[in-house]
Amino acid sequence: MRPLYLSYCFSSSRYLATITFSSSSSNLLPRPILPTFRTNHGFNSTPSRSRLSIRNCSSISAKPSSELRRKKGSPDSSESDDTKLRALRQLFSKPAIGIDAYVIPSQDAHQSEFIAECYMRRGFISGFTGSAGTAVVTKDKAALWTDGRYFLQAEKQLNSSWTLMRAGNVGVPTASEWLNDVLAPGAKVAIDPFLFSFDAAEELKDDIAKKNHELVYLYDVNLVDEIWKYSRPDPPNAPIRVHELKYAGVDVASKLSSLRSQLAGAGCSAIVVSMLDEIAWLLNLRGGDVPHSPVMYAYLVVTMDDSKLFVDSSKVTPQVLIHLKNAGVELRPYGSILSEIESLAFKGTELWLDPSSINAAIVNTYKAACEKHLEGLGSEGTGKSKNREVSNGSSGQSWGPSGVYRASPISLAKAVKNASELEGMRNAHLRDAAALAQFWAWLEDVIHEGAKLTEVDVSDKLLEFRKKQDGFIDTSFDTISGSGANGAIIHYTPEPENCSIVDPKKLFLLDSGAQYIDGTTDITRTVHFGEPTAHEKECFTRVLQGHIALDEAVFPGTTVGFVLDAFARSFLWKIGLDYRHGTGHGVGAALNVHEGPQSISFRHGNTTPLQKGMIVSNEPGYYEDHAFGIRIENLLHVKEANTPYRFGGISYLAFEKLTFVPIQNKMVEVSLLSDAEINWLNDYHAQVWEKVSPLVEGSASQWLWDNTRPLVRQ
């Protein structure tokens with residue numbers, strides 16, 4: 001899927017802080033499948049019908065790109081970015097505001113990667129629609145930071161009023177460094193505290209304090225919303241649905257019981273959960289508030305005695321209401337979360353808060369309420385009618401709630417998939433592979449017949465094939481359909497108004513995924529409809545070699561992802577090439593296509609070891625600006641390896657494939673491959689045929705047969 005660049009925002013480690021969790025926390029993922037190749041399966045044999053039948057979610061429908069792809073974050077395209085900047089700056093001098101700069105992040109109040117359109121404030125103000133980036137506006141300057149996935153896209157979308165800051169490049173300052181440079185000492189820099197994690201806000205505050213700047217929290221107003229006004233889209237209001245136990249694997253009561261045990265062990269009496277996928281996973285619910293992610297906007301507070309879900313009640317169906325009641329979960333208005341936080345603090349509740357994901361508004365509200373609580377305890381202890389100690393042993397320190405600040409325990413629990421989640425992921429990937437076989441058979445046929453298709457046409461047609469699969473709900477991200485130079489834009493999203501025609505003489509990169517009722521998919525293939533150049537074949541083959549090396553890795557159970565990242569890059573490094581994104585991200589089970597805490601990336605800040613049951617992507621690539629892009633992506637399940645020895649007494653791990661779609665043999669320069677690598681590719685294609693051929697027929701079966709033939713060294 002859209003590869004994850006594990007660095008973001010105010011410093012090169014900021015985004016890692018958001019997604020990195022300690023190894024003691026809990027988290028995520030699923031796994032793959034192996035078949036054996038039978039050479040007597042010809043393409044004209046009659047395939048059996050799929051036995052992976054699943055109830056269709058007919059009440060949920062994904063729309064094609066041609067309907068959805070108006071400029072995200074910019075609902076009123078007639079309003080120029082310059083006009084928006086002038087209006088924003090006029091607000092700076094209002095008496096109740098009085099600031100010198102305003103920082104606009106990508107996130108919503110839950111630190112989501114994908115967000116509802118009404119929260120795309122950075123996109124609205126800047127015109128840049130990539131999913132990652134931070135805009136900073138002063139009284140006379142405007143700058144936008146984004147990472148290597150989006151450099152080319154940002155170059156196209158930002159007008160001359162904006163300066164593009166290519167985060168991670170040598171000599172490019174962080175946002176806080178830039179603010180310290182362009183503002184006079186003692187300036188006021190404002191943020192919306194709901195849109196920053198507590199860690200991110202504290203880091204920004206500390207960094208700008210070096211020049212005596214003050215960080216101002218605007219709790220009651222978001223300045224971009226003040227400009228957006230009536231053209232701003234309405235908040236999402238999609239109905240919530242129950243994620244059935246046969247897919248979830250564990251009931252809500254058991255999950256809450258396990259969570260409460262962890263709270264007790266940490267000395268806490270409650271936890272505030274704000275990550276939307278964590279809430280969905282914990283409560284076995286799914287929603288439709290966020291494009292591509294089956295989550296709903298909500299907060300969850302779990303105490304030792306009860307649970308409260310803060311959500312718009314209009315989204316709660318009768319079935320969901322019964323489900324929550326049976327699990328002992330009460331409903332509260334979404335907007336009442338801060339008053340609940342204050343109430344918990346006044347009761348002396350010791351809250352577990354994940355400062356990397358809980359927004360600064362919640363944490364600061366809790367801290368302020370705790371201080372008031374301590375003051376109350378102090379006055380109570382000194383009053384004539386009270387005889388209560390307000391100290392903690394010999395230290396003499398005031399006692400009372402102060403909070404436990406550590407990684408969410410739900411993150412790792414969600415990441416390590418149970419048997420039902422893994423089974424759902426396996427089944428979803430096979431149905432998805434059938435849809436892709438049908439799609440590629442169609443696309444190659446019409447291209448060779450001379451059809452003129454746009455990148456959006458291709459994306460929309462793929463959606464048609466996926467919609468026919470049982471259990472399909474939505475795409476898992478905007479399809480990346482890039483012909484030629486557009487394939488070099490790592491997170492390219494074609495727009496109907498200005499996309500390219502698919503050129504049969506150029507490389508074509510297709511990165512796509514789907515949300516099914518039982519699983520989430522994410523796959524990238526790069527193909528050529530004609531004859532690739534020798535250079536393109538060499539680059540493709542070296543990407544493939546890296547993909548194979550990671551797929552075949554065997555590693556100690558204590559290994560973190562950055563150790564494995566070099567496996568995928570080493571063949572490119574040998575000729576001085578590389579790519580600007582991580583090699584692998586976690587994937588949810590019928591949840592978010594990007595999921596932590598684990599990753600495989602050159603960024604070494606994530607110290608979460610890979611664990612049995614996790615799912616990660618394997619997606620090395622190479623991108624030649626203004627020429628072509630190459631990426632090969634499968635999803636992998638982390639499994640226990642069967643090794644003859646166990647040095648150090650620990651288990652060793654390996655990967656098992658989930659994705660079964662052919663890799664185009666035509667793109668491979670066989671002379672670069674070892675015999676073992678050729679065997680890997682042939683064995684993979686044997687598995688693809690064995691697993692997927694029973695699910696397709698006709699031209700798709702023929703295409704699958706043609707594209708899974710063994711590669712032979714000449």
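**Aromatic pairs and charges over rings**

Tutor: In this predicted model, Phe-439 and Trp-440 are both buried.

Student: Why is the pair of Phe-439 and Trp-442 classed as tilted, and at what angle do the planes lie?

Tutor: The two ring centres are 6.2 Å apart, and rings pair if their centres lie within 6.5 Å. Planes under 30 degrees apart would count as stacked and those over 60 as edge-to-face. The pair is therefore tilted, with its planes at 35°.

Student: Which helix holds both Phe-439 and Trp-442?

Tutor: Phe-439 and Trp-442 are three residues apart, and therefore about one helical turn separates them. The helix spans residues 419–448 and is H16.

Student: Is Trp-442 buried or partly exposed, and what is its relative accessible area?

Tutor: Phe-439 is buried, with a relative accessible area of 0%. Buried means under 20%, so Trp-442 is instead partly exposed, its relative accessible area being 23%.

Student: Which residue lies over the face of Phe-124?

Tutor: A charge sits over a ring only if it is within 6 Å of the ring centre and within 35 degrees of the ring normal. At Phe-124, the distance from the ring centre is 4.3 Å, and the residue is Lys-84.

How values were computed. Residues are numbered from 1 along each chain as its sequence is written. This is a predicted model: local features need pLDDT of at least 70, side-chain atom pairs count only at pLDDT 80 or more; totals for chains, interfaces and linings use all residues. Side-chain values use heavy atoms; hydrogens and water are left out. Buried means under 20% relative accessible area, exposed over 50%, partly exposed in between (1.4 Å probe, protein chains only). Rings of Phe, Tyr and Trp (its six-membered ring) pair if their centres lie within 6.5 Å; planes under 30 degrees apart count as stacked, over 60 as edge-to-face and the rest as tilted. Helices (H or I, at least four residues) and strands (E, at least two) are DSSP runs, numbered from the N terminus.
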